[in-house]
Amino acid sequence: MRVAIAGAGAVGRSIAGELLENGHEVLLIDKNPKAISVERVPQAEWLLADACEITSLDEAALQRCNVVIAATGDDKVNLVVSLLAKTEYGVPRVVARVNNPKNEWLYNESWGVDVAVSTPRLMSALVEEAVSVGDLVRLMRFSQGDANLVELTLPEDAELVGTRVGNVSWPEDTSLVTIIREGRVLTPSKDDTLEAGDELLFVAAPDRESELERLLSPAAAV
């Protein structure tokens with residue numbers, strides 16, 4: 001998979017390193033000569049250019065990319081890069097970094113964003129996830145399709161403890177995608193049984209979140 005990353009700062013380089021380790025082809029783009037540190041990520045391709053300019057993106061052959069990641073520290077730049085990647089080059093997947101939470105509402109399909117990643121929101125969600133059991137925590141918003149990645153740790157006294165996944169009537173527009181149990185990541189099948197303490201990850205429509213939380217609540221609260 002070919003991935004272009006706009007922004008070669010600490011965030012962009014870290015993402016590039018992870019992707020390269022997983023066998024992907026990575027291009028880092030930055031207009032700041034000081035950010036071009038080839039020796040830090042030597043396996044990546046590097047391009048000194050302004051990712052907001054069509055000529056630069058032509059040079060980057062963005063039409064060949066499967067994914068574009070807008071990872072600069074400037075929300076305006078990230079939005080412009082996302083819009084150009086989606087509308088001018090038809091990139092299938094556009095992921096954008098949200099720097100200021102006040103701008104998060106802009107990161108949607110109108111600006112070409114498929115997935116918006118807000119570091120402040122994610123950090124807050126991880127804190128909530130660490131201290132709360134039985135409460136639904138929103139980890140990430142998927143702009144395209146209007147869905148969220150949400151997590152809930154199943155309480156010991158939840159009614160669904162001991163129930164087979166295939167026997168649960170999940171809300172519409174909701175999908176259980178992962179069960180994290182004792183440090184192991186499980187791909188749920190209909191024959192798996194839910195256990196107390198399971199961390200359940202769902203992709204769910206926002207208007208189904210409250211229904212999902214009630215379903216997984218302790219029996220006394222249902």
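Q: What makes up the secondary structure of this protein?
A: The model is predicted. Its secondary structure comes to 5 helices and 11 strands. A run counts as a helix with at least four residues, and as a strand with at least two.

Q: How many of the residues are buried?
A: Buried residues make up 45% of the 222 residues. The cut-off for that word is under 20% relative accessible area.

Q: Why is E151 called buried?
A: Buried means under 20% relative accessible area. E151 has 2% relative accessibility, so E151 counts as buried. E151 lies in strand β8.

Q: What makes the link between E151 and T153 a polar contact?
A: The cut-off for a pair of N or O atoms is within 3.5 Å. The side chains of E151 and T153 meet at 2.9 Å.

Q: Why is L149 called buried?
A: The limit is again under 20%. L149 has a relative accessible area of 16%, so L149 is buried. L149 lies in strand β8 too.

Q: Which residues does L149 touch, leaving aside neighbours within four places in sequence?
A: L149 is in contact with V137, R138, L139, M140, F142, L201, F202 and V203. Contact here means heavy atoms within 4.5 Å. The C-alpha atoms of L149 and A204 are separated by 6.6 Å, although the two residues are 55 apart along the chain.

Q: How do you know that β8 and β11 pair?
A: Pairing needs at least two bridges. Strand β8 (residues 147-153) and strand β11 (residues 199-204) are joined by 6 bridges, so they pair. They run antiparallel. In β11, V203 is the bridge partner of L149.

Q: How do you know that β9 and β11 pair?
A: The same test applies: at least two bridges. Strand β9 (residues 174-181) and β11 share 6 bridges, in the antiparallel sense.

Q: What makes up the largest nonpolar core?
A: This core has 25 residues. Those with the most contacts inside it are I29, L62, V68, V91 and Y107. β1 (2-6), β2 (25-30), β4 (67-70), α3 (75-87) and β5 (93-98) each supply at least two residues. The largest share, 4 residues, comes from α3.

Q: Which residues does V91 touch, not counting those up to four places away in sequence?
A: V91 touches L62, C65, N66, V67, V68, A85 and K86.

Q: Which residues belong to another core, apart from the largest one?
A: That core has 17 residues, among them L152, A158, I179 and F202.

Q: How do you know that both faces of β4 are covered?
A: Look at each side in turn. V67 and I69 are buried on one side, and V68 and A70 are buried on the other.

Q: How do you know that β4 pairs with β1 and with β5?
A: At least two bridges are needed. β1 and β4 are joined by 4 bridges and run parallel. β4 and β5 are also joined by 4 bridges, and run parallel. V68 stands opposite A4, and in β5 its bridge partner is V94.

Q: What makes up the right-handed β-α-β unit?
A: β4, α3 and β5 make this unit. With the strands pointing away from the viewer, a right-handed path from the first strand over the helix to the second runs clockwise.

Methods: Residues are numbered from 1 along each chain as its sequence is written. This is a predicted model: local features need pLDDT of at least 70, side-chain atom pairs count only at pLDDT 80 or more; totals for chains, interfaces and linings use all residues. Side-chain values use heavy atoms; hydrogens and water are left out. Buried means under 20% relative accessible area, exposed over 50%, partly exposed in between (1.4 Å probe, protein chains only). A nonpolar core is a set of buried Ala, Val, Leu, Ile, Met, Phe, Trp, Tyr and Cys residues joined through side-chain atoms within 4.5 Å. A polar contact is a pair of N or O atoms within 3.5 Å; within protein, one must be able to donate a hydrogen and the other to accept it, and residues adjacent in sequence count only if both atoms are side-chain atoms.
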